[in-house]
Amino acid sequence: QGSVTVPGGTAQNSAYDTETVTVNCNANEKAISAGTGWSDDAADRELWTQRLTPLLTGTNVTGFRATGGNDSGNTSTFTLYVLCYVG
């Protein structure tokens with residue numbers, strides 16, 4: 001997993017601050033899936049995953065890149081979780 005701090009900008013003005021995080025599997029592993037999460041879980045926060053993209057080495061998925069957007073007015077941590085396997 002990997003995390004990045006995303007500034008909150010001005011609350012709910014539709015001008016999102018965004019940050020990107022990348023997670024790669026170990027050299028002998030492939031990635032099977034990925035997901036994201038935020039350190040804030042309040043229902044009224046404007047936190048979202050802008051993109052979740054697989055990273056390829058040849059034809060193998062070996063990691064993921066994700067971008068999170070924050071327009072809550074509060075700094076929050078965006079985390080990318082990647083499930084890897086030996087294969």
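A polar contact, as I use it here, is a pair of N or O atoms within 3.5 Å; within protein, one must be able to donate a hydrogen and the other to accept it, and residues adjacent in sequence count only if both atoms are side-chain atoms.

Ground rules first. This is a predicted model, where local features need pLDDT of at least 70 and side-chain atom pairs count only at pLDDT 80 or more, while totals for chains, interfaces and linings use all residues. Residues are numbered from 1 along each chain as its sequence is written, and side-chain values use heavy atoms, with hydrogens and water left out.

Entry one: N70. I found N70 in strand β5, residues 60-70 (strands are DSSP runs of E, at least two residues, numbered from the N terminus). N70 is buried, at a relative accessible area of 0% (buried means under 20%, with a 1.4 Å probe and protein chains only). Its side chain makes a polar contact of 2.8 Å with the side chain of S72. A polar atom of the N70 side chain also lies 2.8 Å from the backbone oxygen of N74. Beyond its neighbours within four places in sequence, I see N70 in contact (heavy atoms within 4.5 Å) with residues including V6, Y16, W38, E46 and T75.

Entry two: the sheet. I looked up an open sheet of three strands, ordered β1-β6-β3, with antiparallel pairing (a pair needs at least two DSSP bridges). β1 (2-6) and β3 (29-38) are at the edges with a single partner strand each, so one side of each has no neighbour in the sheet. Nine bridges join β3 to β6, residues 76-86. Among the residues I checked, E29 has V86 in β6 as its bridge partner.

Methods. Helices (H or I, at least four residues) and strands (E, at least two) are DSSP runs, numbered from the N terminus. Buried means under 20% relative accessible area, exposed over 50%, partly exposed in between (1.4 Å probe, protein chains only).
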